[in-house]
Amino acid sequence: MAEPNGDGQKSALILFGPPGSGKGTQARLLKECLTIPHISTGDMLRERMQTGDDLGHVIRRLLDQGELVTDELVNRMVEDRIQRADCAAGFILDGYPRTLGQAGTMTRRLAARGFGWTVVHLKVDYNKIIARLAGRRQCSQCATVFNLVSSPPKRENVCDACGSRLVIRDDDSESVIRRRLEGYEEQTRPLLNFFSGEGCPFYEVDGVDDAPPAIARRICNLVRPGLLS
Ligand code: ADP
Ligand code: ZN
């Protein structure tokens, strides 16, 4: 049976929450404070679809419609990624697991490698999510996320981090956002019950009541003692 948590054990941090709850932004900030890599299945899929081959086209079609890709594909991508040397001490999972099937695979694999896991649930009101996603801009090169309202770039349409152009993601249109939120309700939200049954460290954090760096500091202080020995 999978064995979550345990102080001083190498560990994965799972950032959990609806689309637009700020998982990507928090993961990028937490990567600095926890000094472990950030693994985003959404970023990996967008990168994969740039290749323009058959699989790339399949991924693009699903993402554009706000549908999930298959468990098999993301399970394999994550499995490959976490075997790399930079993940040896721990890593941040952003957007994974997203279905019960993925969660089962993930917990078995982490346990087999001697990893524990900690879950942070970013809670955000759906009306705020829709407003937030509509203002979202992402760097076309380094994937840093900005928001015209809450965290605008210093120069219009230019990434603060690398100077590349910012783009609106195709799946950030309102109808697709609704579809993604429905998918979250149906397929992903049930994982909250799964995680509470696992008995892993579990924290709920309000994803809107503060600026992103302040939220990240709070999460960092909550999880660091259990994550890094
Ligand atoms: P958000 O969390 O804001 O929806 P992401 O960048 O995490 O954005 O994901 C974008 C899209 O990539 C999702 O709508 C889905 O189509 C696909 N995706 C990402 N992670 C997974 C996953 N673990 N399983 C299936 N599909 C995924
Ligand atoms: Zn950039």
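Trainee: How do the residues of the lining of the largest cavity divide into nonpolar, polar and charged?

Mentor: This is a predicted model. In it, the lining has 5 nonpolar residues, 1 polar and 2 charged.

Trainee: Which residues line the largest cavity?

Mentor: Asn-75, Val-78, Glu-79, Ile-82, Tyr-96, Met-106, Arg-109 and Leu-110. Glu and Arg count as charged, so Glu-79 and Arg-109 are the charged pair.

Trainee: Which elements give two or more residues to the lining of the largest cavity?

Mentor: Helices α4 and α5 do. α4 gives the most, with 4 residues.

Trainee: What makes a set of residues a nonpolar core?

Mentor: The residues must be buried, of a listed type, and joined through side-chain atoms within 4.5 Å. The largest core has 29 such residues. Leu-45, Phe-91, Leu-93 and Leu-110 have the most contacts inside it.

Trainee: Which element gives the most to this core?

Mentor: α4 again, with 5 residues. Several other elements each supply at least two, including β1 (11-16), β3 (90-94) and α5 (100-112).

Trainee: What is Phe-91 in contact with, leaving aside its neighbours within four places in sequence?

Mentor: Its partners include Ser-11, Ile-36, Pro-37, Ile-82, Leu-110 and Phe-115. A second, separate core has 15 residues, among them Leu-13, Leu-15, Leu-30 and Leu-122.

Trainee: How do you know that both faces of strand β5 are covered?

Mentor: Check each side of residues 136-139. Arg-136 and Gln-138 lie on one, Arg-137 and Cys-139 on the other. Buried means under 20% relative accessible area. All four residues are buried, so both faces count as covered.

Trainee: Why do we say that β5 and β6 pair?

Mentor: Pairing takes at least two bridges. β5 and β6 (residues 145-147) have 3, so they pair, in the antiparallel sense. Gln-138 has Val-145 as its bridge partner in β6. The two strands form a hairpin with 5 residues between them. In the turn, Ala-143 has a positive phi of about 70°.

How values were computed:
Residues are numbered from 1 along each chain as its sequence is written. Chains are lettered from A and ligands numbered from 1 in the order in which they are written. This is a predicted model: local features need pLDDT of at least 70, side-chain atom pairs count only at pLDDT 80 or more; totals for chains, interfaces and linings use all residues. Side-chain values use heavy atoms; hydrogens and water are left out. Buried means under 20% relative accessible area, exposed over 50%, partly exposed in between (1.4 Å probe, protein chains only). Contact means heavy atoms within 4.5 Å. On a 1 Å grid over the protein atoms alone, a cavity is a set of points where a 1.4 Å probe fits but cannot get out, and a pocket is an open set with protein on both sides within 12 Å along at least five of seven lines; lining residues have an atom within 4 Å of a point.
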